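I opened the notebook to go through this chain entry by entry. The structure goes in here, and my notes follow.

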Amino acid sequence: MNDNEIKALISLLDDEDQEITEHVEQKIRELGGQLIPYLESEWEDSFSPIHQKKIEELIHDLQYQSVLERITLWKETGGIDLLEGLWIVATYQYPDLSLDKIRQEIKQLYLDVWLEGKSEMHPIDQIKTLNTVFFNKLKFAANTKHFHSPSNSMINVVLESRRGNPISLCVIYMMVAQQLDLPVYGVNLPSLFVLTYKKDHTQFYINVFNRGLVFSKSDIDHYIGQLNLKPVDTYYQPCTNLDIIRRVLRNLMLAFEKIGDTGRVKEVEQLLNAVYDEDATPPLSDYTNK
(Lines give C-alpha, C1' and ligand atoms only; values in the text may rest on other atoms or scores of the structure.)
Protein backbone atom coordinates (compact mmCIF):
# COMPACT_ATOMS: atom_id res chain seq x y z
CA MET A 1 0.00 0.00 0.00
CA ASN A 2 1.22 3.50 -0.79
CA ASP A 3 1.00 6.48 1.57
CA ASN A 4 -2.35 7.68 0.29
CA GLU A 5 -3.90 4.22 0.57
CA ILE A 6 -2.61 3.82 4.12
CA LYS A 7 -3.94 7.24 5.14
CA ALA A 8 -7.30 6.46 3.56
CA LEU A 9 -7.44 3.15 5.40
CA ILE A 10 -6.65 4.74 8.77
CA SER A 11 -9.21 7.50 8.24
CA LEU A 12 -11.89 4.80 8.19
CA LEU A 13 -11.21 4.04 11.85
CA ASP A 14 -13.61 6.90 12.57
CA ASP A 15 -16.38 5.46 10.40
CA GLU A 16 -19.82 5.17 12.00
CA ASP A 17 -20.26 1.64 10.64
CA GLN A 18 -18.82 -0.73 13.26
CA GLU A 19 -18.37 -3.51 10.72
CA ILE A 20 -16.14 -1.23 8.63
CA THR A 21 -14.04 -0.13 11.60
CA GLU A 22 -13.55 -3.73 12.72
CA HIS A 23 -12.39 -4.68 9.24
CA VAL A 24 -10.01 -1.70 9.18
CA GLU A 25 -8.55 -2.58 12.58
CA GLN A 26 -7.93 -6.14 11.42
CA LYS A 27 -6.21 -4.90 8.28
CA ILE A 28 -4.01 -2.52 10.30
CA ARG A 29 -2.95 -5.34 12.63
CA GLU A 30 -2.06 -7.46 9.60
CA LEU A 31 0.10 -4.69 8.15
CA GLY A 32 1.93 -4.35 11.48
CA GLY A 33 4.31 -1.83 13.02
CA GLN A 34 5.06 -0.01 9.77
CA LEU A 35 1.71 1.78 10.23
CA ILE A 36 2.57 3.26 13.64
CA PRO A 37 3.85 6.63 12.25
CA TYR A 38 0.62 7.00 10.24
CA LEU A 39 -1.48 6.19 13.29
CA GLU A 40 0.45 8.74 15.36
CA SER A 41 -0.19 11.37 12.71
CA GLU A 42 -3.89 10.51 12.67
CA TRP A 43 -3.99 10.81 16.47
CA GLU A 44 -2.49 14.31 16.32
CA ASP A 45 -5.04 15.44 13.74
CA SER A 46 -8.02 14.01 15.61
CA PHE A 47 -10.24 16.01 17.95
CA SER A 48 -12.23 13.00 19.16
CA PRO A 49 -11.11 11.46 22.48
CA ILE A 50 -12.84 8.21 21.53
CA HIS A 51 -11.04 8.08 18.18
CA GLN A 52 -7.74 8.92 19.84
CA LYS A 53 -8.26 6.18 22.42
CA LYS A 54 -8.85 3.63 19.67
CA ILE A 55 -5.66 4.73 17.90
CA GLU A 56 -3.68 4.52 21.16
CA GLU A 57 -4.86 0.95 21.69
CA LEU A 58 -3.90 0.00 18.13
CA ILE A 59 -0.44 1.55 18.49
CA HIS A 60 0.10 -0.30 21.77
CA ASP A 61 -1.00 -3.60 20.23
CA LEU A 62 1.33 -3.16 17.26
CA GLN A 63 4.26 -2.21 19.50
CA TYR A 64 3.56 -5.15 21.79
CA GLN A 65 3.46 -7.56 18.87
CA SER A 66 6.88 -6.27 17.83
CA VAL A 67 8.27 -6.91 21.33
CA LEU A 68 6.80 -10.42 21.33
CA GLU A 69 8.33 -11.21 17.94
CA ARG A 70 11.76 -9.88 18.98
CA ILE A 71 11.86 -11.76 22.30
CA THR A 72 10.78 -14.97 20.54
CA LEU A 73 13.51 -14.60 17.94
CA TRP A 74 16.07 -13.77 20.64
CA LYS A 75 15.23 -16.97 22.47
CA GLU A 76 15.14 -19.13 19.34
CA THR A 77 18.60 -17.90 18.29
CA GLY A 78 20.10 -18.92 21.63
CA GLY A 79 19.73 -15.81 23.80
CA ILE A 80 23.42 -15.08 23.25
CA ASP A 81 23.36 -11.32 23.80
CA LEU A 82 22.03 -10.61 27.30
CA LEU A 83 21.98 -6.85 26.77
CA GLU A 84 19.81 -7.30 23.69
CA GLY A 85 17.38 -9.39 25.74
CA LEU A 86 17.20 -6.71 28.44
CA TRP A 87 16.70 -4.06 25.77
CA ILE A 88 13.80 -6.02 24.27
CA VAL A 89 12.13 -6.21 27.69
CA ALA A 90 12.60 -2.45 28.15
CA THR A 91 11.02 -1.70 24.75
CA TYR A 92 7.77 -3.05 26.18
CA GLN A 93 7.43 0.31 27.94
CA TYR A 94 9.93 2.34 25.92
CA PRO A 95 9.32 1.32 22.28
CA ASP A 96 11.70 3.93 20.84
CA LEU A 97 14.62 2.93 23.08
CA SER A 98 17.94 2.60 21.23
CA LEU A 99 20.00 -0.55 21.79
CA ASP A 100 23.12 1.29 20.62
CA LYS A 101 22.56 3.95 23.28
CA ILE A 102 22.34 1.30 25.99
CA ARG A 103 25.52 -0.35 24.71
CA GLN A 104 27.35 2.96 24.87
CA GLU A 105 26.23 3.53 28.45
CA ILE A 106 27.50 0.10 29.52
CA LYS A 107 30.78 0.75 27.70
CA GLN A 108 31.20 4.05 29.55
CA LEU A 109 30.68 2.28 32.89
CA TYR A 110 33.35 -0.22 31.88
CA LEU A 111 35.79 2.59 31.04
CA ASP A 112 35.12 4.28 34.39
CA VAL A 113 35.96 1.06 36.23
CA TRP A 114 38.87 0.08 33.97
CA LEU A 115 40.73 3.28 34.86
CA GLU A 116 40.81 2.18 38.51
CA GLY A 117 41.70 -1.50 38.14
CA LYS A 118 44.81 -3.60 37.68
CA SER A 119 44.74 -7.04 36.06
CA GLU A 120 47.33 -8.52 38.45
CA MET A 121 45.12 -7.94 41.49
CA HIS A 122 43.83 -10.85 43.58
CA PRO A 123 40.20 -11.73 42.63
CA ILE A 124 38.81 -10.41 45.91
CA ASP A 125 40.70 -7.14 45.44
CA GLN A 126 39.43 -6.87 41.87
CA ILE A 127 35.87 -7.12 43.15
CA LYS A 128 36.56 -4.63 45.95
CA THR A 129 37.89 -2.15 43.38
CA LEU A 130 34.83 -2.71 41.17
CA ASN A 131 32.61 -2.19 44.21
CA THR A 132 34.31 1.09 45.08
CA VAL A 133 33.75 2.52 41.61
CA PHE A 134 30.30 1.01 41.05
CA PHE A 135 28.78 2.12 44.35
CA ASN A 136 30.84 5.12 45.44
CA LYS A 137 31.82 6.83 42.19
CA LEU A 138 28.98 5.74 39.86
CA LYS A 139 26.43 5.88 42.73
CA PHE A 140 24.53 2.67 41.97
CA ALA A 141 22.34 1.60 44.90
CA ALA A 142 19.41 -0.56 45.94
CA ASN A 143 16.00 0.86 45.09
CA THR A 144 14.52 0.09 48.49
CA LYS A 145 12.03 2.96 48.32
CA HIS A 146 10.29 1.64 45.19
CA PHE A 147 11.33 -1.98 45.36
CA HIS A 148 8.37 -3.35 43.38
CA SER A 149 8.27 -0.66 40.71
CA PRO A 150 8.11 -1.91 37.08
CA SER A 151 10.95 0.52 36.32
CA ASN A 152 13.36 -1.82 38.12
CA SER A 153 13.00 -4.21 35.19
CA MET A 154 13.81 -1.52 32.63
CA ILE A 155 17.58 -1.38 32.10
CA ASN A 156 17.47 2.14 30.63
CA VAL A 157 15.73 3.49 33.74
CA VAL A 158 18.15 1.71 36.08
CA LEU A 159 21.12 3.07 34.14
CA GLU A 160 19.70 6.60 34.35
CA SER A 161 18.48 6.56 37.95
CA ARG A 162 21.33 4.36 39.29
CA ARG A 163 18.67 2.55 41.36
CA GLY A 164 17.45 -1.00 40.86
CA ASN A 165 16.39 -4.32 42.33
CA PRO A 166 18.83 -7.20 42.90
CA ILE A 167 18.72 -8.63 39.38
CA SER A 168 18.89 -5.33 37.51
CA LEU A 169 21.87 -4.16 39.56
CA CYS A 170 23.49 -7.58 39.19
CA VAL A 171 23.23 -7.70 35.40
CA ILE A 172 24.74 -4.24 34.96
CA TYR A 173 27.53 -5.06 37.42
CA MET A 174 28.07 -8.43 35.68
CA MET A 175 28.27 -6.96 32.17
CA VAL A 176 30.83 -4.40 33.33
CA ALA A 177 32.83 -7.12 35.12
CA GLN A 178 32.82 -9.36 32.04
CA GLN A 179 34.10 -6.53 29.86
CA LEU A 180 36.95 -6.32 32.36
CA ASP A 181 37.54 -10.05 31.67
CA LEU A 182 36.40 -11.00 35.16
CA PRO A 183 34.67 -14.43 35.33
CA VAL A 184 31.50 -13.11 36.99
CA TYR A 185 28.13 -14.73 36.34
CA GLY A 186 24.54 -14.68 37.60
CA VAL A 187 23.22 -17.14 40.17
CA ASN A 188 19.52 -17.93 40.62
CA LEU A 189 18.96 -18.11 44.35
CA PRO A 190 15.38 -18.37 45.63
CA SER A 191 14.06 -14.86 46.34
CA LEU A 192 17.48 -13.29 45.72
CA PHE A 193 19.61 -12.91 42.62
CA VAL A 194 23.38 -12.77 43.22
CA LEU A 195 26.62 -13.16 41.29
CA THR A 196 29.48 -15.60 41.46
CA TYR A 197 33.16 -15.19 40.65
CA LYS A 198 34.18 -18.56 39.25
CA LYS A 199 37.52 -19.49 37.70
CA ASP A 200 39.51 -22.71 38.08
CA HIS A 201 39.39 -23.57 41.79
CA THR A 202 38.36 -20.11 42.92
CA GLN A 203 34.69 -19.41 43.54
CA PHE A 204 32.91 -16.93 45.77
CA TYR A 205 29.69 -14.93 45.63
CA ILE A 206 28.72 -11.27 45.40
CA ASN A 207 25.53 -9.65 46.71
CA VAL A 208 25.28 -6.54 44.53
CA PHE A 209 22.05 -5.44 46.22
CA ASN A 210 24.08 -5.21 49.45
CA ARG A 211 26.83 -3.03 47.94
CA GLY A 212 28.85 -5.94 46.57
CA LEU A 213 29.13 -7.93 49.77
CA VAL A 214 31.38 -10.96 49.18
CA PHE A 215 30.24 -14.25 50.72
CA SER A 216 30.91 -17.99 50.50
CA LYS A 217 29.20 -21.28 49.66
CA SER A 218 28.60 -21.91 53.36
CA ASP A 219 26.61 -18.68 53.51
CA ILE A 220 24.37 -20.00 50.71
CA ASP A 221 24.04 -23.27 52.62
CA HIS A 222 22.83 -21.30 55.63
CA TYR A 223 20.46 -19.18 53.52
CA ILE A 224 18.92 -22.25 51.88
CA GLY A 225 18.57 -23.90 55.28
CA GLN A 226 16.69 -20.88 56.64
CA LEU A 227 14.22 -21.22 53.76
CA ASN A 228 13.79 -24.92 54.53
CA LEU A 229 14.84 -25.86 51.02
CA LYS A 230 17.03 -28.68 49.79
CA PRO A 231 20.30 -27.55 48.14
CA VAL A 232 20.35 -27.92 44.37
CA ASP A 233 23.11 -27.12 41.90
CA THR A 234 21.32 -24.08 40.45
CA TYR A 235 21.61 -22.32 43.81
CA TYR A 236 25.42 -22.34 43.52
CA GLN A 237 26.35 -22.30 39.83
CA PRO A 238 26.08 -19.76 36.98
CA CYS A 239 22.74 -19.46 35.23
CA THR A 240 22.06 -18.71 31.57
CA ASN A 241 21.00 -15.51 29.83
CA LEU A 242 17.60 -17.11 29.28
CA ASP A 243 17.30 -17.72 33.02
CA ILE A 244 18.03 -14.04 33.65
CA ILE A 245 15.45 -12.76 31.16
CA ARG A 246 12.83 -15.14 32.52
CA ARG A 247 13.46 -13.83 36.02
CA VAL A 248 13.32 -10.21 34.87
CA LEU A 249 9.95 -10.91 33.23
CA ARG A 250 8.64 -12.62 36.37
CA ASN A 251 9.63 -9.57 38.39
CA LEU A 252 7.83 -7.36 35.89
CA MET A 253 4.70 -9.51 36.16
CA LEU A 254 4.79 -9.21 39.94
CA ALA A 255 5.25 -5.43 39.72
CA PHE A 256 2.13 -5.06 37.58
CA GLU A 257 0.20 -7.45 39.84
CA LYS A 258 0.97 -5.25 42.83
CA ILE A 259 -0.50 -2.18 41.13
CA GLY A 260 -3.49 -4.15 39.83
CA ASP A 261 -2.70 -3.79 36.13
CA THR A 262 -4.12 -7.13 34.98
CA GLY A 263 -3.84 -6.23 31.30
CA ARG A 264 -0.11 -5.77 31.49
CA VAL A 265 0.26 -8.85 33.69
CA LYS A 266 -1.27 -10.94 30.89
CA GLU A 267 0.93 -9.31 28.25
CA VAL A 268 4.13 -9.89 30.23
CA GLU A 269 3.04 -13.45 30.92
CA GLN A 270 2.82 -13.99 27.17
CA LEU A 271 6.35 -12.61 26.79
CA LEU A 272 7.49 -15.00 29.52
CA ASN A 273 5.83 -17.92 27.73
CA ALA A 274 7.76 -16.98 24.60
CA VAL A 275 11.07 -17.62 26.41
CA TYR A 276 9.74 -20.47 28.50
CA ASP A 277 11.83 -23.59 28.90
CA GLU A 278 10.21 -26.19 31.12
CA ASP A 279 13.50 -27.79 32.19
CA ALA A 280 15.06 -24.47 33.16
CA THR A 281 12.08 -22.64 34.64
CA PRO A 282 11.51 -23.06 38.38
CA PRO A 283 8.16 -22.55 40.12
CA LEU A 284 7.08 -18.92 39.97
CA SER A 285 7.12 -18.62 43.78
CA ASP A 286 10.81 -19.55 43.95
CA TYR A 287 12.29 -16.87 41.76
CA THR A 288 9.85 -14.03 41.55
CA ASN A 289 11.24 -10.78 42.76
CA LYS A 290 14.65 -9.83 43.97
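Is Arg103 buried, exposed or partly exposed? I looked up its relative accessible area and found 31%. Buried means under 20% and exposed over 50%, so Arg103 is partly exposed. I note here that this is a predicted model.

**Entry: the partner of Arg103**

Arg103 forms a salt bridge with Asp81. The closest N and O atoms of the pair are 2.5 Å apart. I then placed both residues. Arg103 sits in helix α6, while Asp81 belongs to the loop between α4 (49-76) and α5. The pair therefore ties together parts that are 22 residues apart in sequence. I also checked the cover on Asp81. Its relative accessible area is 23%, so Asp81 is partly exposed.

**Entry: other salt bridges**

I counted salt bridges for the chain and got seven.

Lys217 pairs with Asp221, with 3.5 Å between the closest N and O atoms. I find both Lys217 and Asp221 in helix α10 (residues 217-226). They are four residues apart, about one turn of the helix. Lys217 has a relative accessible area of 47% and is partly exposed. Asp221 is partly exposed as well, at 33% relative accessibility.

Asp243 and Arg246 meet through their side chains in a salt bridge of 3.1 Å, N to O. Helix α11 (residues 241-258) holds both Asp243 and Arg246. Here the spacing is three residues, again about one turn of the helix. I checked burial too: Asp243 and Arg246 are both buried. I also traced a network: salt bridges that share partners join Glu25, Arg29 and Asp61.

**Entry: a negative patch**

Which residues form a negative surface patch? I list Glu40, Glu44, Asp45 and Asp96. Asp96 lies in the loop between α5 (82-90) and α6 (99-114). Its relative accessibility is 74%, so Asp96 counts as exposed.

I then took the charges of the chain together. There are 29 positive and 43 negative side chains. The centres of the two sets lie 12 Å apart.

**Entry: Val194**

I turned to a residue in a strand. Val194 is part of strand β4 (residues 192-199).

I listed its neighbours, leaving out residues up to four places away in sequence. Val194 touches Cys170, Tyr185, Gly186, Val187, Leu189, Ile206, Asn207 and Phe215. I also checked the distance to Pro166. Val194 and Pro166 are 28 residues apart in sequence, and their C-alpha atoms are 7.2 Å apart in space.

**Entry: the whole chain**

I count 13 helices and six strands in the chain. The C-alpha trace spans about 70 × 45 × 35 Å along its principal axes. The chain has 290 residues, and 46% of them count as buried. The accessible surface of the chain comes to about 15200 Å². Carbon and sulfur atoms account for 49% of that surface.

Methods:
Residues are numbered from 1 along each chain as its sequence is written. This is a predicted model: local features need pLDDT of at least 70, side-chain atom pairs count only at pLDDT 80 or more; totals for chains, interfaces and linings use all residues. Side-chain values use heavy atoms; hydrogens and water are left out. Patches are made of residues with over 30% relative accessible area and no salt bridge: like charges are joined within 9 Å, nonpolar side chains (Val, Leu, Ile, Met, Phe, Trp, Tyr) within 5 Å. Accessible areas come from the Shrake-Rupley method with a 1.4 Å probe; for residues, only the protein chains shown count as cover. A salt bridge is a side-chain nitrogen of Lys or Arg within 4 Å of a carboxyl oxygen of Asp or Glu. Lys and Arg count as positive and Asp and Glu as negative; His and the chain ends are not counted. The place of a charge is taken as NZ of Lys, CZ of Arg, CG of Asp or CD of Glu. Helices (H or I, at least four residues) and strands (E, at least two) are DSSP runs, numbered from the N terminus. Buried means under 20% relative accessible area, exposed over 50%, partly exposed in between (1.4 Å probe, protein chains only). Contact means heavy atoms within 4.5 Å.
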